[in-house]
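Please look over the structure shown below, and then read the short report that follows.

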Amino acid sequence: MTKKTVLIAGASIAGPALAFWLDRIGYAVTIVELSPTLRLGGQGVDVRDQSIQVVERMGLMDVVRERRVDDIAANFVDAKNRLIGSLDLQALQKEGGGAAEIRRGELSSILYENTRDSVEYVFGDAISGLSQDASGVDVTFEQGAPRRFNLVIGADGFHSGVRRIAFGPSDQFVRFKKHYFAVTMASTPFAQKRASTLFNEPGKSVMVQAAGNGPSMVYLAFRQEEPLEYHYRDIEHQRQILRNAFEGVGWDTPNILKQIDDDPHFYLDAQAQVVMPSWSNGRIALVGDAAHCASPFSGAGGLLGLIGAYRLAGELFAANGNHVEGFKNYDLAHRPLVLEKQGHLFTGMFVPRTWLGTKVRNGLVRSGLLKRVFGLDKPNTTPLTDYGM
């Protein structure tokens, strides 16, 4: 029998994870990715809670742990780089049932390495049009020739083109959470091996994470009451936004800002959530941040993408390929977890609004109560449905 064909937009985490499962259950899978190559780098992604079960069922958890970020602590410092308090990350991982933090690009690479032999990857292209009927979806591309697929899945992130084409303008689904964040690489004398270092001023946060012998990963976040106007591909404008936001901020911030022009992978975006009444429209569905971005301050984007991909493939398998039933049951199974994670943000921990808020946070760190207050000591290990895939 001819295999059913599926086109997935996006080759970050949710897309290749979905491709892994769909290939296993007999679909012919194509992934189209706008970037000309696999996008490496990026912020840390937590494989924890139920996503550990997903990755274990893929047979990849040992590889993830081998390539994880091997930090032992998160250290909070003042403007003179004096230690205020520390969070034991190894203890958190142990309490989390063997959780692991891994860079987004590393996890993406692992998923790519384990799907590239059986999944068709098309880099440097994107979907430009979708037209569906009772038996399939006609797809046009920005570069390649038109093609037809049985199903199309948008796993193309917060700025999803599939969502825009198939469901409508993004502004009806995006909920701004009054913060922006940026990720860049920079050399700083305050980087500590096997540790993250976090500095705060009211409404501002700078976190440095050492990355081998080269420049460190730097995460910057700031509070912003109203959304800013810029194009998400206008990197120069975004760099200027970050400079303006952190002008006059202490610690090693001026040195870090001097280096952002040198990072071709500099990234800035809004802290925002995607909230949709449905993640499917006929033969087109969404997964990962395209469907339900919980914002980076949830710490849940990676795990929701992994679990959502597993559930989407699993429900299609359970429905014997009936996409109407499969998409409906995927929504029913996955939405409660999405709502839970979207309701639990860590802005108070990472970006306190005031000096008083910073003082309270620091007190929680010193007392050892921070993880309890923010629920970090309560991993979700409820067994996921075993679809028999």
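## A pocket

The second largest pocket is lined by 11 residues, and those nearest its centre are K4, I25, G26, Y27 and G321. A pocket here is an open set of points on a 1 Å grid over the protein atoms alone, where a 1.4 Å probe fits and protein lies on both sides within 12 Å along at least five of seven lines, while lining residues have an atom within 4 Å of a point. The lining divides into 5 nonpolar, 4 polar and 2 charged residues, with Gly counted among the polar ones.

## Basis of the model

This is a predicted model, in which local features need pLDDT of at least 70 and side-chain atom pairs count only at pLDDT 80 or more, whereas totals for chains, interfaces and linings use all residues. Residues are numbered from 1 along each chain as its sequence is written, and side-chain values use heavy atoms, with hydrogens and water left out.

## Aromatic pairs

Rings of Phe, Tyr and Trp (its six-membered ring) pair if their centres lie within 6.5 Å, and planes under 30 degrees apart count as stacked, over 60 as edge-to-face and the rest as tilted. By this rule there are 14 aromatic pairs. The rings of Y180 and F222 have centres 5.7 Å apart and planes at 15°, so this pair is stacked. Both Y180 and F222 are buried (under 20% relative accessible area, with a 1.4 Å probe and protein chains only).

The rings of W279 and Y330, with centres 5.5 Å apart and planes at 50°, form a tilted pair, and both W279 and Y330 are buried.

Methods: Buried < 20%, exposed > 50% of the residue type's maximum accessible area, 1.4 Å probe, protein only.
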